[in-house]
Amino acid sequence: MGRGALVLGVAYAGLVFLGVLGLWVLEGSPRTPATSGTPNGGEWDLPSALLFIVTLLTTVGYGSVTPLSAAGRAFCAAYAAAGVPATMFLLAATARHLAGPLARRPRAHLQARWGYSRRGAARAHLLGLLALTLVLLVLLPATAFYLLEATWSYLDAVYFCVISLCTVGFGDLVPAQQAQQPLRQLYQVAVAAYLLLGVTGVLLLAQTLRHVAELHGVPGAAPAPDSDAEGEEGAGLLEGTRDGA
């Protein structure tokens with residue numbers, strides 16, 4: 001990755017840190033519910049604030065913990081207005097960057113090594129990526145949630161993963177809500193990281209599906225011949241400027 005990726009990563013980490021710190025100060029445990037006007041004030045330790053910020057930025061929004069003070073709600077509204085577009089831009093740019101090693105190269109290998117046509121390589125790659133996404137982002141994480149959440153069945157865990165990665169976030173199942181859960185704070189950080197990585201993976205899968213649709217002339221899809229070039233241009237968002245541009 002180039003300097004552009006590093007700058008974007010540091011800037012986004014700063015954005016996340018700003019949100020976590022702001023909510024922790026406005027809603028967090030240093031003040032008691034009686035004086036702060038926030039009945040759920042005890043919920044706002046730093047890992048809880050981090051998980052909330054990630055669900056806000058990715059638009060998952062479980063709703064199990066929410067800011068209750070006027071200042072906290074005003075902060076969330078302003079933060080979401082800036083943070084959600086920034087998150088969508090960064091995750092989409094990351095997915096386009098990953099399309100090189102995870103999409104274009106495998107398709108080229110299928111064509112060169114196994115004699116697939118362009119459409120056949122795209123279909124085979126889509127099926128492979130779909131299976132990989134199902135295993136890495138749904139089935140394996142669901143196993144972890146099933147083991148960590150005593151009241152969840154495995155079906156509940158799969159349901160939670162799919163609903164979360166689709167950014168629906170009903171809020172009927174929320175992990176890391178048991179106060180006495182072992183390593184609860186580390187668990188909350190891990191869930192936040194899973195949401196960011198998982199939504200990026202879903203965006204990559206959506207881009208791959210769009211590529212297949214283009215090749216098959218689905219109405220409304222852009223012409224296929226320029227799709228790889230478009231992906232390379234998008235990857236440049238994370239690699240910085242090239243040729244002095």
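Trainee: How are H1 and H4 oriented to each other, roughly parallel or roughly antiparallel?

Mentor: This is a predicted model in which local features need pLDDT of at least 70, side-chain atom pairs count only at pLDDT 80 or more, and totals for chains, interfaces and linings use all residues. Residues are numbered from 1 along each chain as its sequence is written, and side-chain values use heavy atoms, with hydrogens and water left out. The axes of helix H1 (residues 3-27) and helix H4 (residues 70-114) cross at roughly 165°, where axes are lines fitted to C-alpha atoms, for helices over the stretch in contact, and angles run from 0 to 180 degrees between N-to-C directions. Angles under 35 degrees count as roughly parallel and those over 145 as roughly antiparallel, so H1 and H4 are roughly antiparallel.

Trainee: Is alanine 176 buried or exposed?

Mentor: Alanine 176 lies in the loop between H6 and H7, helices being DSSP runs (H or I, at least four residues) numbered from the N terminus. Its phi is positive, about 60°, although it is not a glycine. Buried means under 20% relative accessible area, exposed over 50%, and partly exposed in between (1.4 Å probe, protein chains only). Because its relative accessibility is 0%, alanine 176 counts as buried.

Trainee: Which value does phi of threonine 167 take?

Mentor: Threonine 167 is found in the loop between helix H6 (154-165) and helix H7 (184-215). Most residues other than glycine have a negative phi. Phi of threonine 167, a residue other than glycine, is instead positive, near 55°.

How values were computed
Helices (H or I, at least four residues) and strands (E, at least two) are DSSP runs, numbered from the N terminus. Angles under 35 degrees count as roughly parallel, over 145 as roughly antiparallel, 65 to 115 as roughly perpendicular and the rest as oblique.
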